[in-house]
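Look at the model first, then read the points below.

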Amino acid sequence: MSNYKRGETAPRDLPCEHGSGWCSDTPSRQSAHCTPRKQEQAGPGMAGIRVTEVDWLSQKNGAAHHTQEYPGPELVVRRGQAFTLVLELNRPLEDQETVIFTVETGPQASEDRHTKAVFQVSEPETGKNWTVVEEAQMENTVTVSITSPPNAAIGRYLMSTRVSSRRKQNDRKLGEFILLFNPWCPEDDVFLDSEEERQEYVLNDSGIIFRGVEKHIRAQGWNYGQFEEDILNICLSILDRSPLHQNDPATDVSHRHDPIYVSRVISAMVNSNNDRGVVQGQWQGKYGGGTSPLHWSGSVAILHKWFKGRFKPVKYGQCWVFAGVMCTVLRCLGIATRVVSNFNSAHDTDRNLSVDKYVDSFGRTLEDLTEDSMWNFHVWNESWFARQDLGPSYNGWQVLDATPQEESEGVFRCGPASVTAIREGDVHLAHDGPFVFAEVNADYITWLWHEDESWERVYSDTKKIGRCISTKAVGSDSRVDITGLYKYPEGSRKERQVYRKAVRKLFSVEASGRRTRLRRAGGRGLWREDLLEPATKPNITGKFKMLEPPRLGHDLSLALCLANLTSRAQKVRVNLSAATILYTRRPVAEILRKSHSVRLGPEEEKQIPITISYSQYKEDLTEDKKILLAAMCFVTKGEKLLVEKDITLEDFITIKVLGPAVVGVDVVVKVMVVNPLLEKVEDCVLMVEGSGLLQGQLSINVPTLEPQERASVQFNITPTKSGPRQLQVDLVSPHFPDIKGFVIIHVATAK
């Protein structure tokens, strides 16, 4: 945490004379591993006893505090838990003398704000104050155990000492240490009572983010890298760069004891809206002047780029990038955090708990009328902490979302919203309950727009939104469905009760006790209650069926299957359309439009074959590799049926490790790639990344690939850390979207 004011020059980092990294030309920023330098030795006013050296016992304290993975140079400890120091004095302490400690964090540190504490050796006690206990004294050395309160502000602290004696003394700067949240401490608001979950949600530096569509969920590896070089320092800088800190640093630092406050600041700072935060969003499918969101494999490169670029937002991110970066930052600061994916996720812009989509006679989305949207998937975070502001029944997982979708109190951020509050329909509770509730519960309504500017409801579904809410399992790579944490079973009596409760709470303020008309209800003056009734079902059914797996680079073969539910013949006019889309379901380019007339005999089923050639979609396919098909069916008696299908094109990559992986020993990795196209491709590159397996990113040129050719690429890695490690491989080509894969490598310690 910076101790210099805004506008002042930051201290220069100087080589450390003790070989432990860096020191600083500003005493308050000296490495905590370093003894104060010789020129700081006692002057005439500091005669008598003094501390000459300090041993921070980094290995011992790091192991006890689960912080040994942080690379330093400062000591890193967790709040509410004792850590040990050895002080060397220029002579033994006399009976009446005692060592007095001062710790302070942030500018204008004060005891009133709880950002400064002065304390001396006392009896062991627990409570709200910093304490120090003498453990041993041998000649000129004193071993002490210092404990911070479990609600201390987190961040970078400066420690000073003086010895109480008859002579007046100045405080002596010992150096800096970093204090983090402590999920191992029962008195800490972030306490998590499961060692397995703490290992996963605090200490695991890699993970899996689920993407795709509800019926075709795909796993993507992500390198959180919270223990990589400089990441902890960057995470503290994110707090310091927030407008709250820039405007009133002393007050901001005093609030850093509270995970609600800290997580809300991080939610705002991970996106660049309002505050020159870390990542700039882009959902137009054009990524010139930056990196496509799909090219990122982890948070480390993004955080380094933001920091080294003097806090210039990194281009570009989409929801999983924001969530991956926020997971890194919160785990790094000591808050148990996971990444969550919601399939068919609502973006309800007008807070009416319905996603209203307007389409034309071919089922194509009318973007100028459609303000709401249903994304194929949306990714956010959950963090585990107590809600002192709401009460204990709302403790536990809290939704946090750094994707800049809607403003919250004038800033693009979202949460923390209690998952329990969402499940129970308590949308009035802080923070941003209505938006999160709608993401998983909104009704999905489609309106057909007529040329005379009237419109009618052709589709209504109360179960479509908020499906397969997913996160990585604890201790394995499998997917866990946590939909039940967010809502009661769809269609159950309890689920509808909660929905009605949320509607009442949401509309009570606006309605002032009256029945509320729905905004944009087709000009029909539909009441909210009417919309809870399903749309009238037509007497035919329809669905799209893939005849072959949809593979990147190949023609798509599928059929529209229609069935007559009546005992009389029916004529159906079918308007078909297809468009390449982003994962937000925003259309990019139309690739198919045609009409068919079909006669269905009594209770007859028919298939309309559809082929979309590779040449039709290759120019307009986005890196999301998604196509949306729509069929608007007009039946004889004026009934209408809309059928939609989201297609994700499949690709192929395999990764094998040839031999055992051991710390410090080279091991060969073999990657099998396939050119998905029916044409020769050049200029392909493999991008390889993995915390504890290699430094930074590895870039490997792939030889020219013939049409549909399989080729293997081999390279060496030298693991630096033991345990399960995630290696990510990304085949990048100018000719087709990225093809990603990952493998977990179990690295043994060196013998």
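Two aromatic rings of Phe, Tyr or Trp count as a pair if their centres lie within 6.5 Å. In this predicted model, such ring pairs link Trp56, Phe83, Phe101, Phe119, Trp130, Tyr157 and Phe177 into a cluster. The structure holds 27 aromatic pairs and 4 cavities of 30 Å³ or more.

**Aromatic pairs**

- Phe119 and Trp130 are stacked, with 6.0 Å centre to centre and 20° between the planes.
- Phe119 belongs to strand S7 (residues 116-120) and Trp130 to the loop between S7 and strand S8 (131-138), so this pair ties together parts that are 11 residues apart in sequence.
- Phe119 is buried at a relative accessible area of 7%. Trp130 also counts as buried, at 10% relative accessibility.
- Tyr614 and Tyr617 form an edge-to-face pair, because their ring centres are 5.3 Å apart and their planes stand at 80°.
- Both tyrosines sit in helix H14 (residues 614-617); being 3 residues apart, Tyr614 and Tyr617 are separated by about one helical turn. Tyr614 and Tyr617 are buried.

**Charges over rings**

- Arg496 places its charged end over the ring of Tyr499, 4.5 Å from the ring centre.

**Largest cavity**

- The largest cavity contains about 60 Å³ of space.
- Its lining includes Glu200, Tyr201, Tyr224, Arg331 and Lys472.
- Helix H2 (195-203) and strands S12 (206-213), S16 (337-347) and S25 (467-472) each supply at least two lining residues. S12 gives the most, with 3 residues.
- By class, the lining of the largest cavity has 4 nonpolar, 3 polar and 4 charged residues.

**Second largest cavity**

- The second largest cavity contains about 50 Å³ of space.
- Among its lining residues are Ile422, Phe437, Asn441, Glu495 and Tyr499. Tyr499 is also the residue whose ring lies under the charged end of Arg496.
- Three helices each supply at least two residues of this lining: H9 (419-424), H10 (433-441) and H12 (493-511). H12 gives the most, with 3 residues.
- The lining of the second largest cavity has 6 nonpolar, 1 polar and 3 charged residues.

**Helix H10**

- In H10, 9 of the 9 residues are buried, so the helix is largely enclosed by the rest of the structure.
- The buried residues of H10 include Phe437 and Asn441, and both of these line the second largest cavity.

Notes. Residues numbered from 1 in each chain as written. Predicted model: local features only at pLDDT ≥ 70, side-chain atom pairs only at ≥ 80, totals over all residues. Heavy atoms only, no water. 1 Å grid on protein atoms, 1.4 Å probe; cavity = no way out; pocket = protein on both sides within 12 Å on 5 of 7 lines; lining within 4 Å. Points joined across faces, edges and corners; volume = space filled by probe spheres on them. Helix = DSSP H or I, 4+ residues; strand = E, 2+ residues; numbered from the N terminus. Nonpolar A, V, L, I, M, F, W, Y, C, P; charged D, E, K, R; others polar. Buried < 20%, exposed > 50% of the residue type's maximum accessible area, 1.4 Å probe, protein only. Phe/Tyr/Trp six-rings, centres within 6.5 Å; stacked < 30°, edge-to-face > 60°. Lys NZ or Arg CZ within 6 Å of the ring centre and 35° of its normal.
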